[in-house]
Each structure stands twice: as C-alpha cells, then as structure tokens.
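Hi,

Here is the structure I promised to pass on. Have a look at it first, and then read on for what turned up.

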Amino acid sequence: MKDKLQQYGELGLGSRLKRLSEYMMKEIQLVYNTFEIDFDPYLFPIFKVIIDLEFATTTDIQEALQYTQPAITQALKKLIDKKLVVYKIDKTDKRKKIFKLSPTGKAIHQKMLPLWNVIDKQVKWLTEGSALSLTHHLTHIENQLKEKPLSTRIIEKYKVEHLIK
C-alpha cells in the first residue's frame with residue numbers, strides 16, 4: 001500500500017515529521033540498548049545543554065531550546081532520577097537551581113561521545129542532498145530508512161570505526 005502521508009503532500013508534512021521523529025528516537029534507543037547505555041534519547045537536548053554550559057538553570061535551558069518549563073522540569077527530574085545530573089540551590093536566589101553533570105553523568109557522557117559522532121555522521125548522510133522541496137527530501141529519507149534502519153546503520157558504522165565484532 002502506498003504511504004498515504006506521502007500522498008498528502010505538504011498537508012501531511014507535520015505528521016510525517018512527527019512520524020520521522022518518533023522513528024529516530026526509537027532507533028537511537030535501540031542503539032543505546034545495544035551498547036548497554038542506560039539513556040533516553042528524549043533527554044538528549046537538555047543533557048547536552050548542561051554539558052555545553054557546564055552549569056545551567058532552567059531559564060538557561062529554556063532559552064537554549066525554546067522548550068516549555070514543564071517539559072524541562074520533567075526531563076530534569078528524569079536526569080536526576082537516573083543520577084546523571086545534580087543541582088545546587090543558588091546562593092543569591094534560593095528559588096533558582098543550578099544543574100550540572102554528576103560523576104555518573106560525566107562517565108556516561110564520555111561513553112556516548114564516540115557513539116554520538118557516528119550518529120551525527122549517519123544522520124548527516126541521510127539528510128544531505130538537494131531536493132525540489134522538503135517533502136521530496138523527506139520521501140528520500142523515508143525510503144533510505146526503509147532500505148536499512150537507522151539503528152543498523154549506526155551500529156554497523158560504530159563497530160567498523162571501533163573494531164568491534
């Protein structure tokens with residue numbers, strides 16, 4: 001059966017992007033599971049902002065990502081529960097929390113760095129190229145992912161680059 005969302009053209013764009021986003025999150029989770037990394041790909045943006053800034057408040061994260069306050073709070077709670085992030089109360093403003101990586105967060109970050117490099121390369125490969133429109137390019141990406149799942153591409157490339165059998 002033909003993909004109805006593709007047939008809907010620009011009218012289906014939002015739904016196709018959502019479907020692609022969910023697919024990518026599921027595939028990246030498979031990659032993390034394969035390499036025994038206990039991490040949720042949905043937490044990546046907030047985790048990465050904290051890494052980049054070293055110390056971050058919810059306001060810093062909100063400005064960096066344009067996420068809602070509840071979404072940030074929920075992700076931070078998960079990162080704290082996983083013991084990847086810790087916080088301290090600001091000395092000058094007791095309402096403000098300052099977040100940073102915990103020792104566990106630093107260790108998992110180091111473990112993920114080479115994997116992020118491979119993920120980045122594979123996603124770049126998928127998204128490069130020229131197309132007449134975003135919907136045409138999206139069709140190209142969807143077709144490539146049907147041919148070979150993103151997780152398979154990443155795992156194979158990572159194993160080659162790191163000489164793992």
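Let me start with a question: is the crossing of helix 4 and helix 5 left-handed or right-handed? It is right-handed. Helix 4 covers residues 58–65 and helix 5 covers residues 69–81, and their axes come within 10 Å, crossing at roughly 120 degrees. On the helix 4 side, T58, I61 and Q62 make the contact, while helix 5 brings in Q69, I72 and L76. Sorted by type, the residues of this contact come out as three nonpolar, three polar and no charged.

Before going further, please keep in mind that this is a predicted model.

Now for the overall picture. The protein chain has eight helices and two strands, and from the N terminus on they follow the order α-α-α-α-α-β-β-α-α-α. The C-alpha trace spans about 60 × 45 × 25 Å along its principal axes. The chain has 165 residues, of which 36% count as buried. If you take the contacts between residues at least 6 apart in sequence, 59% of them join residues at least 24 apart.

Next, the inside. In soluble globular proteins, nonpolar side chains tend to be buried together. Here the largest nonpolar core has 38 residues, and F39, F47, I50 and L115 are the ones with the most contacts inside it. The elements that give two or more residues to this core include helix 2 (13–34), helix 3 (44–53), helix 5 and strand 2 (97–101). Helix 6 (103–127), helix 7 (134–147) and helix 8 (150–161) are also among them. The most comes from helix 6, which gives seven residues.

Leaving aside neighbours within four places in sequence, I50 is in contact with F55, A56, I61, L76, V85, F99, K100 and L101.

One last stop is S102, which sits in the loop between strand 2 and helix 6. Why does S102 count as buried? Because its relative accessibility is 4%, and the cut-off for buried is under 20%. Not counting residues up to four places away in sequence, S102 touches K83, L84, V85 and V86. V85 is also on the list of contacts for I50.

Happy browsing!

Technical notes:
Residues numbered from 1 in each chain as written. Predicted model: local features only at pLDDT ≥ 70, side-chain atom pairs only at ≥ 80, totals over all residues. Heavy atoms only, no water. Axes fitted to C-alpha atoms, helices over the stretch in contact; angles between N-to-C directions. Helix = DSSP H or I, 4+ residues; strand = E, 2+ residues; numbered from the N terminus. Left-handed = near helix turned anticlockwise from the far one by under 90°. Contact = heavy atoms within 4.5 Å. Nonpolar A, V, L, I, M, F, W, Y, C, P; charged D, E, K, R; others polar. Buried < 20%, exposed > 50% of the residue type's maximum accessible area, 1.4 Å probe, protein only. Core = buried A, V, L, I, M, F, W, Y, C linked by side-chain atoms within 4.5 Å.
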